[in-house]
Amino acid sequence: MSLHTSQNDRDDDATHKERKGNYFALEVCFLAFVGIIAVIAFLEAFSYKIVSSRTPFVIMVPLLILIAVQALRLWGARSEFDPVARISTALRGGNANLNKVVSFSGWLLALLVIITVLGHYVGMFLFCAILMKFAGGESWKVTLTVAAGTTLFIFGVFELIFNIDLYRGLVLRWFQGYRDF
């Protein structure tokens, strides 16, 4: 029985190390993405007037310092995980965790495009409906009910209670006479 238990322990250790290595690769990719966005935002803040650029600098300087500290920490732990091989495997689609993150990011990017073109309310309705029907496999009745309810709730909270107008989209702006595109 002890041989069987020790084999299970070795399998658990290998699985734990594999999972930890996958998280390491995911963390490196995420940190690189956040670092690139932060550097772009920091450089863009230089084009603002000094009064307007204070807030981005107050936010970006500590954020860039934290990114650098985390990058140094990851650099020190790289020998334990072989990050080049793991990241190349992840970028080829061999990492299930990263595949889920990329898939979710793709859905969020689609939401951004829909909201930009059609506005928040139409975008939220379509996004909820598409996600529930095609990713969730729900029936049309449940899909349309939840999508309409969610959109009406957001409309009620923002438009009626808080009196905040959400973005209506490029299509509506075009019909109103603006030529943004």
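Asn163 lies in the loop between helix 6 and helix 7 (170-175). Helices (H or I, at least four residues) and strands (E, at least two) are DSSP runs, numbered from the N terminus. The phi of Asn163 is near 55°, a positive value in a residue other than glycine. Most residues other than glycine have a negative phi. At 63% relative accessibility, Asn163 counts as exposed. Here buried stands for under 20% relative accessible area, exposed for over 50%, and partly exposed for values in between (1.4 Å probe, protein chains only).

The model is predicted: local features need pLDDT of at least 70, side-chain atom pairs count only at pLDDT 80 or more, and totals for chains, interfaces and linings use all residues. Residues are numbered from 1 along each chain as its sequence is written, and side-chain values use heavy atoms, with hydrogens and water left out.

The protein contains 7 helices and 0 strands. Its elements run α-α-α-α-α-α-α from the N terminus on. The radius of gyration is 23 Å, well over the 16 Å that the globule rule gives for 181 residues, so the protein is more spread out than a compact globule. This radius is taken over C-alpha atoms; the globule rule is 2.2 Å times the number of residues to the power 0.38. The C-alpha trace spans about 75 × 55 × 30 Å along its principal axes. Of the 181 residues, 24% count as buried.

The accessible surface comes to about 12900 Å². Carbon and sulfur atoms hold 70% of that surface. Accessible areas come from the Shrake-Rupley method with a 1.4 Å probe; for residues, only the protein chains shown count as cover. Among contacts between residues at least 6 apart in sequence, 56% join residues at least 24 apart. Contact means heavy atoms within 4.5 Å.

Helix 5 (residues 120-135) has buried residues Tyr121, Gly123, Met124, Phe127, Cys128, Ala129 and Met132. Their cover includes helix 4 and helix 6 (140-161). Gly137 follows helix 5 and has a positive phi, near 70°.

Asn99 is found in helix 4 (residues 96-118). Its relative accessible area is 32%, and Asn99 is therefore partly exposed. Leaving aside neighbours within four places in sequence, Asn99 is in contact with Ala90 and Gly93. Asn99 and Phe134 are 35 residues apart in sequence. In space their C-alpha atoms are 18 Å apart.

Side chains of opposite charge can pair when their charged atoms come close. A search of the whole structure finds 2 salt bridges, each defined as a side-chain nitrogen of Lys or Arg within 4 Å of a carboxyl oxygen of Asp or Glu. Glu27 is partly exposed at 29% relative accessible area. Arg73 is partly exposed at 46%.

Arg168 forms a salt bridge with Glu159, and the closest N and O atoms are 3.0 Å apart. Arg168 counts as partly exposed at 34% relative accessibility, whereas Glu159 counts as buried at 11%.
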